[in-house]
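Hi everyone, thanks for making the time this morning.

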Amino acid sequence: MRCFDFTALGTSPLLLTLLLAAGSTHAQLSSPLPAGSAKPAAGKAAPGGLELPAGQGAGVHGANSPFAPLAPRSDVVPWSVLTDVKTKNEKNRILPVFSESQLGMNGKTQRIQGFMMPLEPGKKQRHFLLSSVPLTCSFCLPGGPESMVEVKTKTPVEYSMEVVVVEGRLQVLHDDPYGLYYRINDAMPVK
């Protein structure tokens, strides 16, 4: 049996683990290559006989979801701002190309709302991901790395399947080893 190297497609192992953990067998990732680049079209076989994912940006909150979608809030950064990221292929790596507004948020205190995905065991979390869609919903398709924010908190936050809002110092990540685009450090929960 031959194994396929997903990193050759520019897909990070962390992102693949998250998709598998979410039970999303039909999930689609954001396309890591810019339009017009030389790659098989979505639904076409890639090397190793696997199908390439098609882009979804912020992810899709399904109409049959038992979870309410994120309510608009004027005090948080909208996911539409975070997910409006272009990419470039550089030395066999897929790297984000951020807009001026995204770069302007780097190092500043920001609020983000989303659905929690724990990265540690236990009821209280200090390190987790916030996603634009609930990863526990079988009707919702997760997006790509632009639809997740890594969160590292000052104090533990209790795990919840409800919407979580955090405030902290946002980092815009140009070449993260896990393929993530954003991180919030020193985060605190906000009501």
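Let me start inside. The largest cavity has a lining made up of Phe 67, Phe 115, Met 116, Pro 134, Leu 135, Thr 136, Tyr 159, Ser 160 and Met 161. Before we go on, please keep in mind that this is a predicted model. As for volume, the largest cavity comes to about 50 Å³. And how many cavities of 30 Å³ or more are there? The count is 1.

Now let's step back to the whole chain. It has 3 helices and 7 strands. If you read along the sequence, the order is α-α-β-β-α-β-β-β-β-β. Of its 191 residues, 40% count as buried.

On to the barrel. Five strands make a closed barrel, in the order β3-β4-β5-β7-β6, and the pairing is mixed. From one strand to the next, the twist averages 50°. As a reminder, strands of a sheet pair through backbone hydrogen bonds, and they can do that in parallel or antiparallel fashion.

Let's go through some of those pairs. Strand β4, residues 124-131, meets strand β5, residues 148-158, in the antiparallel sense, with 7 bridges. If you want a place to look, find Ser 131, whose bridge partner in β5 is Met 148.

Next, which way does β5 pair with β7? That pairing is parallel, over 3 bridges, and β7 covers residues 182-190. Here you can look for Thr 153, which stands opposite Ala 187 in β7.

On to strand β6, residues 163-172, which pairs with β7 in the antiparallel sense over 7 bridges. Two spots are handy for finding your way: Leu 170 has Ile 184 as its bridge partner in β7, and Arg 169 stands opposite Asn 185 in β7.

Let me stay with Arg 169 for a moment. This residue lies in strand β6. Arg 169 counts as partly exposed, because its relative accessibility is 35%.

Is Glu 150 buried or exposed? Its relative accessibility is 6%, so Glu 150 counts as buried; the cut-off for that is under 20%. What does its side chain meet? The side chains of Glu 150 and His 127 are joined by a polar contact of 2.5 Å.

Now for some backbone angles. Asp 186 is not a glycine, but its phi is positive, at about 55°. Where is it? Asp 186 is in strand β7. With a relative accessible area of 42%, Asp 186 is partly exposed.

Asn 92 is another residue other than glycine with a positive phi, here near 65°. You will find Asn 92 in the loop between β1, residues 86-90, and β2, residues 93-97. Is Asn 92 buried or exposed? Its relative accessible area is 71%, so Asn 92 is exposed, the cut-off being over 50%.

One last stop, in a helix this time. Trp 79 belongs to helix α2, which spans residues 79-82. Trp 79 is buried, because its relative accessible area is 8%. Along the chain, Trp 79 and Gly 114 are 35 residues apart, while 8.9 Å separates their C-alpha atoms.

Note on methods. Residues numbered from 1 in each chain as written. Predicted model: local features only at pLDDT ≥ 70, side-chain atom pairs only at ≥ 80, totals over all residues. Heavy atoms only, no water. Pairing = 2+ DSSP bridges. Helix = DSSP H or I, 4+ residues; strand = E, 2+ residues; numbered from the N terminus. 1 Å grid on protein atoms, 1.4 Å probe; cavity = no way out; pocket = protein on both sides within 12 Å on 5 of 7 lines; lining within 4 Å. Points joined across faces, edges and corners; volume = space filled by probe spheres on them. Axes fitted to C-alpha atoms, helices over the stretch in contact; angles between N-to-C directions. Buried < 20%, exposed > 50% of the residue type's maximum accessible area, 1.4 Å probe, protein only. Polar contact = N/O pair within 3.5 Å; in protein donor to acceptor, adjacent residues only side chain to side chain.
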